[in-house]
Amino acid sequence: MVNKVLNGFVTAWRGLTLTVRHLFVGNFKRQVIPITDNNYFKQQNDTNTIQYPKQQLPSPEVGRYQLDVEIDDCIVCDLCAKICPVNCIDIESIKSTEGSIGETSDGSKKLLYAAKFDIDMAKCMYCGLCTIVCPTECIVMTNQYDRTVFKLKDLNYEFSDMSPELAAEKRMLLEKQQAEKQAAKLAAMKAKEGGA
């Protein structure tokens with residue numbers, strides 16, 4: 001019994017000496033060095049962790065972090081939403097009734113309105129597939145990695161610049177145009193049947 005108690009004290013003493021040694025030795029700030037440095041992954045001895053957010057580790061220029069959409073260049077092709085393996089992109093398009101509604105920066109014609117273009121970054125797995133398939137390169141991965149929020153719903157980013165009222169108006173115009181086309185088609189079929 002005495003042996004077990006003595007062994008317990010010896011074990012506790014060894015653990016505490018390790019803790020105390022690291023407490024008083026690690027008083028140096030970690031040096032932030034560029035990611036291109038050869039010693040970037042070398043362990044820095046006797047240092048504490050970085051003092052975040054005052055001190056930050058550099059992120060690579062080609063880092064794949066937060067998604068960003070240039071909605072003016074989007075042709076609402078829906079390819080990014082279709083290829084996303086976790087369905088974090090939600091797009092709703094409305095067909096234009098007057099034909100082309102503008103051009104993107106690369107000259108592509110825009111024929112659809114983006115009534116909704118939401119990306120839920122809480123679901124995103126940062127694979128980058130959506131950026132690869134985008135024909136106008138309007139969706140990109142930025143090198144911003146820290147968008148800390150307190151509520152999970154705040155990670156749902158809305159990129160569409162169309163108001164709900166305007167979207168409802170465009171939907172109504174499209175439905176009216178489709179109804180007129182359908183009525184004209186039925187009238188043409190009746191005229192054809194009556195003339196035959």
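Student: In this predicted model, which residues have the most contacts inside the largest nonpolar core?

Tutor: Leu67, Val69, Ile89, Phe117, Ile119 and Ile139 have the most contacts inside this core of 24 residues. At least two residues each are supplied by β1 (67-69), α2 (79-83), β2 (89-95), β3 (112-120) and β4 (139-141), and the largest share, three residues, comes from β3.

Student: What does Leu67 contact beyond its neighbours within four places in sequence?

Tutor: Leu67 is in contact with Ile119, Met121, Cys124, Cys130, Thr131, Ile139, Val140, Met141, Arg147 and Phe159.

Student: Why is Thr136 called buried?

Tutor: The relative accessibility of Thr136 is 8%, and buried means under 20%, so Thr136 counts as buried. Thr136 is found in the loop between α3 (129-133) and β4, where, leaving out residues up to four places away in sequence, it touches Asp73, Cys74, Ile75, Thr104, Asp106 and Ser108.

Student: What makes the pair of Thr136 and Asp73 a polar contact?

Tutor: A polar atom of the Thr136 side chain lies 2.9 Å from the backbone oxygen of Asp73, and because the cut-off for such a pair is within 3.5 Å, the distance meets it.

Student: How do you know whether Phe9 is buried or exposed?

Tutor: Phe9, in helix α1 (residues 2-25), has a relative accessible area of 59%, and exposed means over 50%, so Phe9 is exposed. Together with Met1 and Val5, Phe9 makes a nonpolar surface patch of about 400 Å².

Methods:
Residues are numbered from 1 along each chain as its sequence is written. This is a predicted model: local features need pLDDT of at least 70, side-chain atom pairs count only at pLDDT 80 or more; totals for chains, interfaces and linings use all residues. Side-chain values use heavy atoms; hydrogens and water are left out. Patches are made of residues with over 30% relative accessible area and no salt bridge: like charges are joined within 9 Å, nonpolar side chains (Val, Leu, Ile, Met, Phe, Trp, Tyr) within 5 Å. Accessible areas come from the Shrake-Rupley method with a 1.4 Å probe; for residues, only the protein chains shown count as cover. A salt bridge is a side-chain nitrogen of Lys or Arg within 4 Å of a carboxyl oxygen of Asp or Glu. Helices (H or I, at least four residues) and strands (E, at least two) are DSSP runs, numbered from the N terminus. Buried means under 20% relative accessible area, exposed over 50%, partly exposed in between (1.4 Å probe, protein chains only). A nonpolar core is a set of buried Ala, Val, Leu, Ile, Met, Phe, Trp, Tyr and Cys residues joined through side-chain atoms within 4.5 Å. Contact means heavy atoms within 4.5 Å. A polar contact is a pair of N or O atoms within 3.5 Å; within protein, one must be able to donate a hydrogen and the other to accept it, and residues adjacent in sequence count only if both atoms are side-chain atoms.
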